[in-house]
Amino acid sequence: MSYKSLYNRLKPEYLELFEKSNLKHPEIIGRIIDALEQESFVTALVYSTVLDIKFTLGIDNPFEMFKDL
């Protein structure tokens, strides 16, 4: 069974937040998006990606960013 990538499961409001933040931090947002496209589960994200999400987007809990499977 294959699962959608985290990027494909992002809620619309977070996609919008990524687009806005990309103007200010394009390199970091690019790394985050690459990681979200490669992984299907939040628990598979490396800690540096979780920290990038926290400090660039202000999101403390990355689990809330995604639609359920």
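Which residues are buried in helix α3 (residues 47-57)? Before the answer, a word on the model: it is predicted, so local features need pLDDT of at least 70 and side-chain atom pairs count only at pLDDT 80 or more, while totals for chains, interfaces and linings use all residues. Numbering starts from 1 along each chain as its sequence is written, and side-chain values use heavy atoms, with hydrogens and water left out.

The buried residues of α3 are T49, D52, I53, T56 and L57. Here, buried means under 20% relative accessible area, exposed means over 50%, and partly exposed is in between (1.4 Å probe, protein chains only). Helices are DSSP runs (H or I, at least four residues), numbered from the N terminus. These five sit on the same side of α3 because they cover an arc of only 100° around the axis, the arc being that of the directions from the helix axis to the C-beta atoms. The cover over the buried residues of α3 includes α1 (12-24) and α2 (26-38). Y47 counts as exposed because its relative accessibility is 62%. Between the C-alpha atoms of Y47 and F18 there are 19 Å, with 29 residues separating the two along the chain. Just after the helix, G58 takes a positive phi of about 75°.

Next comes the loop between α2 and α3, where S40 is found. S40 has a relative accessible area of 18%, so it is buried. Leaving aside residues up to four places away in sequence, S40 touches Y3, K4, S5, L6 and R9; a contact means heavy atoms within 4.5 Å. F41 is placed in the loop between α2 and α3 too, but it counts as partly exposed because its relative accessibility is 38%. Together with M1, Y3 and L69, F41 makes a nonpolar surface patch of about 510 Å².

Now for the inside. The largest nonpolar core has 15 residues, and those with the most contacts inside it are L10, F18, L36, M65 and F66. Such a core is a set of buried Ala, Val, Leu, Ile, Met, Phe, Trp, Tyr and Cys residues joined through side-chain atoms within 4.5 Å. Two or more residues of this core come from each of α1, α2 and α3, with α2 giving the largest share, 4 residues. As for L10, its contacts beyond four places away in sequence are L15, F18, L36, M65, F66 and K67.

Conventions:
Patch = residues over 30% accessible without salt bridge, like charges linked within 9 Å, V, L, I, M, F, W, Y side chains within 5 Å. Areas by Shrake-Rupley, 256 points an atom, 1.4 Å probe, with all protein chains shown as cover. Salt bridge = Lys/Arg side-chain N within 4 Å of Asp/Glu carboxyl O.
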